[in-house]
Amino acid sequence: MASSISLPRAESGNSLLNALRIVPGVLLLAGIGYAGKILEHSVNAYAKSRHWTFPNIEYVLWAILIGLVISNTLAMPKLFQPGIATYEFWLKLGIVLLGARFVVADVLKLGGISLGLVVIEITLSLALMTLLGRLFKLKPKLTSLLAIGSAVCGVSAIIAAKGAIDADDEDSSFAIAAILALGALSLFTFPAIAHGLHMNDVSYGMWAGLGVDNTAEAVAAGALYSDAAGKVAVLAKTTRNAMIGFVVLAYALYWAGKGQAEIVTNKAAFLWKKFPKFVLGFLLMSLLVGFHVFSKGQVTSLGNLSKWAFLLTFAGVGLRTNLRDMSKQGLRPFIVGALGEVLIACLTLGLVIGANRIWGL
Amino acid sequence: MSKDSASTPILPSKGRSFSLDAWALIVAMLLALAVKFDVFKTVPW
């Protein structure tokens with residue numbers, strides 16, 4: 001598992017060489033992403049020319065599928081690994097730039113609704129995963145990691161919590177594997193369910209942002225439905241990510257109270273350290289657009305730059321999903337994760353449908 | 001970059017001076033400046 005999810009170690013010393021190491025992998029991400037974009041256009045054009053009724057398969061799905069096929073059929077040369085690992089950078093860059101496509105009023109309205117739903121979602125998810133972990137007799141710290149991962153923001157939250165609650169590497173790998181495997185499944189199930197329910201873009205985007213754990217998969221699941229749904233998914237997921245510090249702090253205090261983790265002396269510094277700073281960039285970009293710093297054409301350009309960044313992210317999502325490695329991680333954590341995720345998906349779907357009736361999303 | 005920061009990439013590496021979040025912010029702001037001052041006339045999609 002570790003080989004499929006670990007980032008290369010940055011070695012001190014030759015930083016130029018380190019920078020050059022990412023080039024092959026980044027080119028691979030760009031090539032796969034662009035191939036997805038070309039496939040979207042050419043397949044749709046071909047189907048149209050033949051008068052076939054064919055579902056519009058977005059570049060997002062093509063990029064993920066190409067990445068999945070490559071990572072699960074070929075042995076990826078080490079040369080590409082450092083660049084592939086940059087997918088998380090492209091994700092964060094895309095999110096910051098996407099802020100330009102949000103009017104501040106929308107951020108405040110949808111962000112406010114998101115925040116309310118996120119608080120409910122986090123509370124229910126933590127309680128549910130803790131209960132399931134106890135029922136299936138998982139190790140307490142593994143249960144904590146799964147609960148944090150499914151309640152807040154997937155892999156980043158697990159990594160953030162790992163140090164704070166002094167969890168084992170093995171537990172972290174289990175939790176990450178479960179979250180990634182379930183994230184990959186949600187890419188296909190969430191849009192299908194939403195189409196079946198005829199959900200509107202905002203409701204679906206909100207659901208994807210609340211229900212899908214890992215940020216990259218949440219963004220991809222939103223974009224798979226529509227561009228507008230992708231935007232809302234980013235907003236809801238970003239709101240969820242912003243809560244990471246509070247949840248990890250609560251768990252750190254809990255485990256420190258049991259004498260099994262370091263005592264947190266400065267809570268404010270702890271919260272700031274855990275806070276995902278790219279959220280501030282997203283808000284700043286939205287504010288700059290709100291103050292008319294950019295013309296309409298420039299806002300479109302910033303939005304398109306965001307799409308290019310996401311293109312590389314989606315290729316990375318496919319490339320780092322190694323189904324063989326995930327299957328080696330054991331069944332019990334996966335069952336707990338899967339059960340929890342299905343229940344959380346149902347709960348968040350109910351929350352979103354309720355919010356839609358009350359506020360008309 | 002702090003070892004257990006929320007922005008720590010999957011398995012943190014020691015010795016990095018900037019977090020991924022900081023890099024994303026810096027690059028985004030540079031791109032925004034480039035767009036603002038017409039270094040890129042238009043970015044197509």
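Which residues of H3(A) are buried? They are A:Tyr59, A:Val60, A:Leu61, A:Trp62, A:Ala63, A:Ile64, A:Ile66, A:Gly67 and A:Ser71. Buried means that 20 or more other C-beta atoms lie within 10 Å of the residue's own; exposed means 12 or fewer, partly exposed is in between, and C-beta atoms are placed from the backbone.

## Basis of the model

This is a predicted model: local features need pLDDT of at least 70, side-chain atom pairs count only at pLDDT 80 or more, and totals for chains, interfaces and linings use all residues. Residues are numbered from 1 along each chain as its sequence is written, while chains are lettered from A and ligands numbered from 1 in the order in which they are written.

## Helix H3 and its partners

Helix H3 of chain A covers residues 59-73. Helices (H or I, at least four residues) and strands (E, at least two) are DSSP runs, numbered from the N terminus. At 1.5 Å a residue, the 15 residues of H3(A) should span 21 Å, and the end C-alpha atoms are 21 Å apart, which agrees. The expected span is 1.5 Å times one less than the number of residues in the helix. The buried residues of H3(A) pack against helix H2 (15-49), H9, H11 and helix H16 (296-319) of chain A.

Take H11, residues 215-225 of chain A. Its axis and that of H3(A) come within 8 Å and cross at roughly 135°. Axes are lines fitted to C-alpha atoms, for helices over the stretch in contact, and angles run from 0 to 180 degrees between N-to-C directions. H3(A) and H11(A) are therefore oblique to each other. Angles under 35 degrees count as roughly parallel, over 145 as roughly antiparallel, 65 to 115 as roughly perpendicular and the rest as oblique. H3(A) brings A:Val60, A:Leu61 and A:Ile64 to the contact, and H11(A) brings A:Ala220, A:Ala223 and A:Leu224. Contact means C-beta atoms, placed from the backbone, within 7 Å. By class, this contact of H3(A) with H11(A) has six nonpolar, no polar and no charged residues. Ala, Val, Leu, Ile, Met, Phe, Trp, Tyr, Cys and Pro count as nonpolar, Asp, Glu, Lys and Arg as charged, and the others, Gly among them, as polar.

## The nonpolar core

The largest nonpolar core has 125 residues. Such a core is a set of buried Ala, Val, Leu, Ile, Met, Phe, Trp, Tyr and Cys residues joined through C-beta atoms within 7 Å. A:Leu97, A:Ile148 and A:Ala220 have the most contacts inside it. Helix H9 (residues 169-197) of chain A supplies the largest share of this core, 13 residues.

Not counting residues up to four places away in sequence, A:Ala220 touches A:Val60, A:Ile64, A:Leu187, A:Phe314 and A:Val317.

## H8 against H9

Helix H8 (residues 154-165) of chain A packs with H9(A): the axes come within 9 Å and cross at roughly 170°. That makes H8(A) roughly antiparallel to H9(A). From H8(A), the contact uses A:Gly154, A:Val155, A:Ile158 and A:Lys162. From H9(A), it uses A:Ser172, A:Ala175, A:Ile176, A:Ile179, A:Leu180 and A:Gly183. These residues divide into six nonpolar, three polar and one charged.

## Two buried residues

A:Gly211 is found in helix H10 (residues 201-211) of chain A. A:Gly211 is buried, with 28 other C-beta atoms within 10 Å. Leaving aside neighbours within four places in sequence, A:Gly211 is in contact with A:Phe190, A:Ile344, A:Ala345, A:Thr348 and A:Leu349.

A:Glu341 is found in helix H18 (residues 331-359) of chain A. With 26 C-beta neighbours inside 10 Å, A:Glu341 counts as buried. A:Glu341 touches A:Ser150 and A:Leu182, not counting residues up to four places away in sequence.

## Positive phi

A:His198 is found in the loop between H9 and H10 of chain A. Phi of A:His198 is near 55°, a positive value in a residue other than glycine. A:His198 is exposed, with 8 other C-beta atoms within 10 Å.

Chain B has one helix and zero strands. Of its 45 residues, 36% are buried. B:Asp38 lies in the segment after helix H1 (20-36) of chain B. Phi of B:Asp38 is near 60°, a positive value in a residue other than glycine. B:Asp38 is exposed, with 12 other C-beta atoms within 10 Å.
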